Amino acid sequence: MNNDLRIAQAATLEDINKIAAKAGIPEKYLEAYGKNKAKISPELYAEVKENKDAKLILVTAINPTKAGEGKSTTTIGLADGLAKSGKNVMACLREPSLGPVFGLKGGATGGGYAQVVPMEEINLHFTGDMHAITTANNLIAAVLDNSIYQGNPLNIDPEKVVWKRCLDMNDRTLRTITIAQEKKSNGVERKDHFVITVATEVMAILCLSNDLKDFEERIGRCIVAYTYDDKPVTVKDIRAAGAATVVMKEALKPNLVQTLEHTPVLVHGGPFANIAHGCNSVIATKLALKLADYVVTEAGFGADLGAEKFLDIKCRSANLKPSAVVIVATVRALKMHGGVEQADLGTENIEAMLVGTGNLAKHIESIKAFNVPYIIAINKFSGDTKGEVDALLKWCADNGHPVAEADGWAKGGDGMLELAAKVVDITEQDNCFAPIYDVNETIEEKIEKISKTIYGADGVEYTDLAKEKIADFVKNGWDKLPICMAKTPLSLTDNDKLKGRPEGFNIHVQDLSISAGAGFVVAYTGSILTMPGLPKEPAAVNMGVDENGETFGLF
């Protein structure tokens, strides 16, 4: 059987101008990067902004496991299924980070016959957006440290610098470092800390900005440090906002590519959902909504992270109203949530799978809290038994949950026609979407609502540091912003070992940070890390180029 990479390499891609024409994008607004990908000029939105908005469909999932859920595969397959049904559809996805590509996951452009292509280019350097974000972030860091070194005119306390350098790679050795060592001419020595590029505020701002001007205003508001008398210092204060915007000018243009079945896809922005807000750019989403009748998008990890942030942060910020939510589950992952070890997934175990539906049930409850129509997509694997699938379908029917089988990995759009038809139907239902909290509530009230409503927690515990940060944020007027929870994706709790649907637990808030430019407060729970490390056997060690110049090992 061909793997994802071989399927992508064997595909015949249509010229990007043809894909643009299919999407209703005039050639004059297209900035081609070769034959298979292009950026889109911001001038296009001004031409189409009065068009009626499309139906916005969010694809989310249960808590991920090593068994795989296939959320991106389902997103891409659903778009192809809608296209095969004669619908005018576009998909909107995030750009993969090099960290996971070379770390644990490998490629991140779908799988099987439900992929976005050119797969290799999207997974690696693409159109350079990740590099631009890394450069803009580190430019700000360099200007900041230079200001401290060059007489420190802003009275910055080097011990209170909060702007971190970044790298789009998993590298645990950079979590805590010391910069400017040995010589005074190297700068002011201090402790520093790298984060992965997709966790930076620059990435969040790229994904939440409406246009270039909005980006410049937002980046200028970012807090980089505090003075000796605890006054915040911004990017605008160190006079770096203009330069960062220059670096990001091209990166703010969304990228057009295609699926294996030539459905238009916008791939733009890529924040993680466990340590950032986990959604593609507002710019891409709003443009797609004006070009298509149906827009399919995804948010990272399970509904407790990506979907919650999509609905509470992105939709609120961009004034978006989703028409439907697709919740992806697999028999394999449900068995793991029911206590089955990965090595035993090949053995039929209906009882364990039904225990694991507790995790699915909680995510359904969470989506219901936002008053949006939903449907469960059973993403099929070849090892699923008929008994297991039938039992899951019966569980859905007995509990009144709409459901459809999804076979996009093996069959592409043809395997998604049932799901596509049912999604079209539910987008016509009455929709009373609303976020689950009011931004004017206190920080503690907002965190408690997320923790209780979405995770099923009994309550929230705060460290002394977190309490001090909350008091500071209130003093600085940052308490009336949405909350971006930083939490493990592997559990509804902040303990990654607890699978299924745990009960009787609290969420532990260790620290908070302000993303004044992005417009949210980040709450760090459990032992969450903003710079991941590589696993014992990184995906990178099995990659290479063969004697024919073909890449291998990129999944």
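Which residue lies over the face of Y455? I found K487 there, at 4.9 Å from the ring centre. The criterion I used: a charge sits over a ring if NZ of Lys or CZ of Arg is within 6 Å of the ring centre and within 35 degrees of the ring normal.

**Ground rules**

I am working on a predicted model, where local features need pLDDT of at least 70, side-chain atom pairs count only at pLDDT 80 or more, and totals for chains, interfaces and linings use all residues. Residues are numbered from 1 along each chain as its sequence is written, and side-chain values use heavy atoms, with hydrogens and water left out.

**Y455 again, and its helix**

I stayed with Y455 and looked at helix α18 (residues 443-455) against helix α12 (residues 303-318). Helices (H or I, at least four residues) and strands (E, at least two) are DSSP runs, numbered from the N terminus. The two axes come within 11 Å and cross at roughly 125 degrees. Axes here are lines fitted to C-alpha atoms, for helices over the stretch in contact, with angles from 0 to 180 degrees between N-to-C directions. That angle makes α12 oblique to α18. My angle classes: under 35 degrees is roughly parallel, over 145 roughly antiparallel, 65 to 115 roughly perpendicular, and the rest oblique.

I noted the crossing of α12 and α18 as right-handed. A crossing is right-handed if the near helix is turned clockwise from the far one by less than a right angle, and left-handed if anticlockwise. From α12, A303, D304 and E308 meet I450, I454 and Y455 of α18. Contact means heavy atoms within 4.5 Å.

Next I took α7 (129-149). How far apart are the axes of α7 and α10? I read 9 Å, with a packing angle of about 165 degrees, for α7 and helix α10 (residues 241-248). At that angle α7 is roughly antiparallel to α10. This crossing, too, is right-handed. On the α7 side I listed A132, I133, T135, A136, L139 and I140. They meet A243, A244, V247 and M248 in α10. I kept the helical repeat in mind: an α-helix has 3.6 residues a turn, so residues three or four places apart point the same way.

**An enclosed helix**

I then checked helix α11 (residues 282-291) for burial. Nine of its ten residues are buried, so α11 is largely enclosed by the rest of the structure. Buried means under 20% relative accessible area, exposed over 50%, and partly exposed in between (1.4 Å probe, protein chains only). Among the buried residues of α11 are T285 and K290.

**The aromatic pair**

How many aromatic pairs does the structure hold? I found one. F473 and W478 form it, edge-to-face, with 5.6 Å centre to centre and 70 degrees between the planes. Rings of Phe, Tyr and Trp (its six-membered ring) pair if their centres lie within 6.5 Å; planes under 30 degrees apart are stacked, over 60 edge-to-face, and the rest tilted. F473 is buried at 2% relative accessibility. W478 is buried at 10%.

I looked up the peptide bond from V117 to P118 and found it cis, with omega near 5 degrees. P118 sits in the loop between β6 (114-117) and α6 (119-123).

F126 has a positive phi, near 50 degrees, and is not glycine. I placed F126 in the loop between α6 and α7. It is buried, with a relative accessible area of 10%.

A180 also has a positive phi, near 60 degrees. Its loop runs between β9 (177-179) and β10 (190-192). Is A180 buried or exposed? I have it as buried, at 18%.

**Links across the sequence**

I57 belongs to strand β3 (residues 55-61). I noted 0% relative accessibility, so I57 counts as buried. I57 and P373 are 316 residues apart in sequence but 9.9 Å apart in space, C-alpha to C-alpha. Leaving aside neighbours within four places in sequence, I57 touches residues including L78, Y294, A324 and V423.

G387 is in helix α15 (residues 386-398) and is partly exposed at 26%. Its C-alpha is 9.1 Å from that of N349, 38 residues away along the chain. Beyond four places in sequence, I found G387 in contact with E348 and I350.

N506 is in strand β22 (residues 506-515). It is partly exposed at 25%.
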